[in-house]
Amino acid sequence: MNYVMRVRAFAKINLSLRVLGARADGYHDLRTIFQSIALHDTLTIRAARGPFRVTCDDPSCPTDDTNLVWRAANHLWQAAGRRGILRDVSIDVKKRIPLQAGLGGGSSDAAAALRALARLWRVDERRVRATAGGLGADIPYFLEGGTVLGLERGDLLFPLIDPPKAWVVLVLPQFGVSTKEAFAWWDADTAAHRGGGADPRVRPGADTGVGPNGVHEFVNDLEAPVASRHAAITRAVAALRKAGAAHAAMSGSGSAVFGLFVRQSDASRAARALAGRTRTTLVTRTLNRSKYQILAAPEPIG
Ligand code: C5P
């Protein structure tokens with residue numbers, strides 16, 4: 001009965017994030033390009049008799065049933081048709097992905113828990129996918145990894161050809177941003193822009209996301225609404241560009257800002273130069289789908 005597994009939960013950045021409009025279900029239709037990065041949390045899953053438990057080395061991370069890992073375990077327990085209340089498993093999260101940063105940490109932890117528990121409880125892939133979709137818009141992506149186009153809520157997925165590898169500098173301001181709030185700011189600003197009172201579900205002139213040469217423009221539509229309330233975002237993007245980033249933008253709903261670099265030495269230099277009193281920085285790299293699928297697979301360790 002005693003069995004231990006370890007599973008990595010990788011973070012993502014959004015290379016591009018276009019918000020197409022609000023939906024009737026409270027979500028927004030998106031066209032986004034997700035990209036896995038090497039920064040990861042590590043989950044240790046222990047099967048042993050006793051009540052279900054989540055522990056985390058970061059005190060700001062909730063360990064009750066509001067934690068997505070807990071909800072993921074509970075949903076999969078039901079989907080697996082197991083009797084009674086969720087039990088006989090404990091999950092420890094070693095947290096390295098900052099919270100409320102737009103890097104998908106909570107969603108990736110939940111997807112990692114699903115991968116490991118599916119193996120433990122022998123749940124087929126179709127059920128795991130259905131469970132992931134019911135837990136949050138980002139979670140299905142973390143079952144795929146690599147470079148993926150996400151449509152609708154960001155959960156209709158189309159794997160893309162791997163772009164060239166890049167070094168990634170993350171600039172992490174001291175504040176976090178709630179995803180819900182960032183989308184509400186987008187709604188408010190879009191309505192105000194059109195004189196108020198207009199239906200934010202229809203956004204005339206919403207562009208195709210394809211630039212003059214048929215190349216996808218890398219834009220994050222949540223960046224302006226978040227940056228207008230947190231000027232530190234604009235400063236971080238500008239500083240990364242000045243430090244030579246080939247591309248710099250906010251990730252997801254923020255507050256993390258990323259810059260892409262071809263050379264590791266340039267990325268390290270930029271990270272050192274940009275670290276300061278009000279923000280930290282770290283250097284990581286992009287992870288392609290085949291690497292992701294190997295490195296994100298659950299490993300039995302005892
Ligand atoms: O699905 P998840 O719980 O991660 O989303 C958090 C919140 O972000 C949603 O409740 C919604 O307000 C907003 N959201 C959205 N459109 C999306 C994804 C998230 O409006 N495509």
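Glu-125 forms a salt bridge with Arg-129, with the closest N and O atoms 2.8 Å apart. A salt bridge here is a side-chain nitrogen of Lys or Arg within 4 Å of a carboxyl oxygen of Asp or Glu. Both residues lie in helix H3 (residues 125–135), four residues apart, about one turn of the helix. Helices (H or I, at least four residues) and strands (E, at least two) are DSSP runs, numbered from the N terminus. Glu-125 is exposed, at 55% relative accessibility. Arg-129 is partly exposed, with a relative accessible area of 38%. Buried means under 20% relative accessible area, exposed over 50%, and partly exposed in between (1.4 Å probe, protein chains only).

The model is predicted: local features need pLDDT of at least 70, side-chain atom pairs count only at pLDDT 80 or more, and totals for chains, interfaces and linings use all residues. Residues are numbered from 1 along each chain as its sequence is written, and side-chain values use heavy atoms, with hydrogens and water left out.

Across the whole structure, the search finds 15 salt bridges. One of them joins the side chains of Asp-41 and Lys-95, at 2.5 Å from N to O. This pair links distant parts of the chain, 54 residues apart. Asp-41 sits in strand E2 (residues 28–51), and Lys-95 in the loop between strand E4 (87–94) and helix H2 (105–121). Asp-41 is buried, at 0% relative accessibility. Lys-95 also counts as buried, at 9%. Another salt bridge pairs Arg-263 with Asp-266, at 3.7 Å from N to O. Asp-266 is partly exposed, at 22% relative accessibility. Salt bridges also link Arg-23, Asp-25 and Asp-29 in a network.

The largest nonpolar core has 41 residues. Such a core is a set of buried Ala, Val, Leu, Ile, Met, Phe, Trp, Tyr and Cys residues joined through side-chain atoms within 4.5 Å. The residues with the most contacts inside this core are Leu-43, Ile-45, Leu-76, Ile-91, Leu-114, Leu-117 and Trp-121. Two or more residues come from each of strand E1 (3–22), E2, strand E3 (53–56), helix H1 (68–79), E4, H2, H3 and helix H4 (141–144). H2 gives the most, with nine residues.

Ile-91 has contacts (heavy atoms within 4.5 Å) beyond its neighbours within four places in sequence. Its partners include Leu-43, Ile-45, Phe-52, Val-54, Val-69, Ala-113 and Leu-117. Thr-44, Arg-53 and Thr-55 are also among them.
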